[in-house]
Amino acid sequence: MTRSGRKVLIAFGSRRGGTAGLAEMIGAALTDVGCEVVVAPADQVSDVRGVDAVIVAGALYANRWHRHARRFVRRNAAALRTVPVWLVSSGPLDDSAKDHDIPPTKQVAKLATLVSARGHVTFGGRLLPDAKGFPAGAMARTRAGDWRDAEHIRSWAAAVIDDLQRV
């Protein structure tokens with residue numbers, strides 16, 4: 001694959017660490033093809049200047065994107081409209097995201113329109129067996145596992161790079 005040389009910011013909102021790990025996996029895939037990648041919690045990113053592209057990843061809880069991801073997009077909407085942006089949702093606790101494209105929730109679709117995002121993808125989520133709190137603890141008894149598919153992530157990252165090469 002061609003070396004990209006692009007600087008990509010990956011900002012994420014994650015409650016239990018699964019989406020943070022997903023952001024790192026995306027970052028590793030992009031680094032492997034020559035991107036300079038910065039991965040950071042969305043609530044800790046104050047500036048998006050100086051990057052060639054932005055990926056915003058948010059965990060889905062009851063069809064709502066993590067509040068830090070939502071706030072990041074709204075707070076930086078003007079700047080995000082000046083660079084290629086992709087939105088990533090994380091959440092299904094099954095293989096559905098690997099098996100077929102899952103459209104964004106209405107909330108995420110509105111944010112995608114706000115920043116003229118080039119695309120959206122949903123990846124499987126992760127729930128640890130010892131998750132605390134309600135409803136995560138109850139769900140963990142029957143739905144614990146990791147559905148973040150590394151090959152799916154690498155394939156999507158390659159498509160992002162292909163798109164960036166055309167910009």
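In this predicted model, the side chains of Lys 7 and Glu 36 meet in a salt bridge, with N and O separated by 4.0 Å. Lys 7 belongs to strand E1 (residues 7–13) and Glu 36 to strand E2 (residues 36–41), so the pair ties together parts that are 29 residues apart in sequence. Lys 7 counts as partly exposed, because its relative accessibility is 26%, and Glu 36 also counts as partly exposed, because its value is 48%.

Side chains of opposite charge can pair when their charged atoms come close.

| Pair | N to O distance |
|---|---|
| Lys 7 and Glu 36 | 4.0 Å |
| Arg 49 and Asp 47 | 2.8 Å |
| Asp 163 and Arg 118 | 2.9 Å |

In the pair formed by Arg 49 and Asp 47, Arg 49 is exposed, with a relative accessible area of 69%, whereas Asp 47 counts as partly exposed at 36% relative accessibility.

The salt bridge between Asp 163 and Arg 118, at 2.9 Å from N to O, links distant parts of the chain, for Asp 163 lies in helix H7 (residues 150–165) and Arg 118 in the loop between helix H5 (106–114) and strand E6 (119–123), 45 residues apart. Is Asp 163 buried or exposed? Asp 163 counts as buried, because its relative accessibility is 15% and the cut-off for buried is under 20%, while Arg 118 counts as partly exposed at 41%. These two residues also take part in a network of salt bridges that links Arg 118, Asp 163 and Arg 166.

Turning to the whole chain, the protein has 7 helices and 8 strands, and buried residues make up 47% of its 167 residues. Among contacts with a separation of 6 or more, 78% are accounted for by residues 24 or more positions apart. The accessible surface of the protein chain comes to about 8400 Å², and 50% of that surface belongs to carbon and sulfur atoms.

Helix H7, which holds Asp 163, has 16 residues and reaches 22 Å from its first C-alpha to its last, close to the 22 Å expected at 1.5 Å a residue. The buried residues of H7 include Ile 153, Trp 156, Val 160 and Ile 161, as well as Asp 163. Which elements do the buried residues of H7 pack against? They pack against E1, helix H1 (18–32), strand E3 (53–61), strand E5 (85–90) and E6.

The largest nonpolar core has 24 residues, of which Val 8, Ile 26, Leu 30, Ile 55, Val 88, Phe 123 and Trp 156 touch the most other members. The elements that give two or more residues to this core are E1, H1, E3, E5, E6 and H7. Leaving aside residues up to four places away in sequence, Phe 123 touches a set of residues that includes Leu 22, Ile 26, Val 88, Pro 92, Ile 153 and Trp 156. A second, separate core has 22 residues, and Ala 40, Ala 42, Ala 69 and Ala 77 are among them.

Key
Residues numbered from 1 in each chain as written. Predicted model: local features only at pLDDT ≥ 70, side-chain atom pairs only at ≥ 80, totals over all residues. Heavy atoms only, no water. Helix = DSSP H or I, 4+ residues; strand = E, 2+ residues; numbered from the N terminus. Buried < 20%, exposed > 50% of the residue type's maximum accessible area, 1.4 Å probe, protein only. Contact = heavy atoms within 4.5 Å. Areas by Shrake-Rupley, 256 points an atom, 1.4 Å probe, with all protein chains shown as cover. Expected span 1.5 Å × (residues − 1). Core = buried A, V, L, I, M, F, W, Y, C linked by side-chain atoms within 4.5 Å.
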